[in-house]
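I opened the notebook to record what I looked up in this structure. The entries go from the whole chain to single elements.

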Amino acid sequence: MQQTSDPAGVVDHPGLARYAALAAALRQRVVRGEWLPGSALPAEQALAAEHGVALGTLRRALELLVEQGLIERIHGKGTFVRSGIAGASTLRFFRFGEGVAGQLPASRILSRTVLAAPADAARALGLAPGETALRLQRLRLIDGEPCLLEHIWLPLDLFDALAPREDAPAAADADAPHDWPALLYPFYASRCGVHVQRAVDDIGFGVLTAPQARSLGLAAGHPCAVVTRRATDLAGRCVEWRVTRGDAHAFHYSVTLT
């Protein structure tokens, strides 16, 4: 199958609309780091001239990237690469009492270990069977009370900077988990250069094992809601696989249909 391209890097695929090919070329420029998250794209006229396309074609390409969540257009200011997700906390699926409404959750890293990733995590992260990854066990607390237990798996090629150092005492570890902020996604961006652009949460239910129940102050076998998340970066790669468990009796999810 023949492909043609122009000097600006727009590849024409037979059957693919010109604006879609242009959108793919612009996406690659973002992925390569030419335009960083939060930065403004050049003016539309300049981009259209650079790629040798009509202004209408460029605008359709930008609209496609907006639909895909890669960029955002701010009236009166311009077009920007989206900064990514800041929090998207799974706490939104739960209600832990009227007294905690509006309170900011705290976080505590219970463990940080390099282990062979389980099959589900390896599949999501694109790892080979038995390949190691960084696992974080994190407890979320409200008013000092544990409410959510998270198991977070991260690929080492992207998050090696967060892995424990065997040759350094914990007190000298510049990335000691007790210093980590409650919001991990901005931390991933600042410390590792990984920008989480999208996350998909799947909800199910199960029961707590004895260790999980102890962490949450509940009885072994207590019913729990299970939220499994796949978080992806600018290139669409899965960069985090997370399983969150919380008291099923506190689970609450509301959908409005119109």
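**Surface and overall make-up**

I started with the accessible surface of the chain, which comes to about 13,700 Å². Carbon and sulfur atoms hold 53% of that surface. I keep in mind that this is a predicted model.

Next I looked up burial. The chain has 258 residues, and 40% of them are buried. For buried I used under 20% relative accessible area.

The chain has seven helices and 10 strands.

Which order do the six strands of the open sheet take? I read it as 5-6-7-10-9-8, with antiparallel pairing. I noted the edges too: strand 5 (106-116) and strand 8 (198-207) each pair on one side only. From one strand to the next, the twist averages 20°.

I then followed strand 8 to its partner. Strand 8 pairs with strand 9 (residues 223-232) in the antiparallel sense. I found 10 bridges between strand 8 and strand 9. For one residue I went down to the bridge itself: glycine 204 has valine 226, in strand 9, as its bridge partner.

**A helix across the strands**

Last, I asked which strands helix 6 (residues 184-192) lies across. I wrote down strand 6 (132-142), strand 7 (145-154), strand 9 and strand 10 (238-247). Helix 6 runs at about 155° to strand 10.

Key
Residues are numbered from 1 along each chain as its sequence is written. This is a predicted model: local features need pLDDT of at least 70, side-chain atom pairs count only at pLDDT 80 or more; totals for chains, interfaces and linings use all residues. Side-chain values use heavy atoms; hydrogens and water are left out. Two strands pair if DSSP finds at least two bridges between them. Helices (H or I, at least four residues) and strands (E, at least two) are DSSP runs, numbered from the N terminus. Axes are lines fitted to C-alpha atoms, for helices over the stretch in contact, and angles run from 0 to 180 degrees between N-to-C directions. Contact means heavy atoms within 4.5 Å. Buried means under 20% relative accessible area, exposed over 50%, partly exposed in between (1.4 Å probe, protein chains only). Accessible areas come from the Shrake-Rupley method with a 1.4 Å probe; for residues, only the protein chains shown count as cover.
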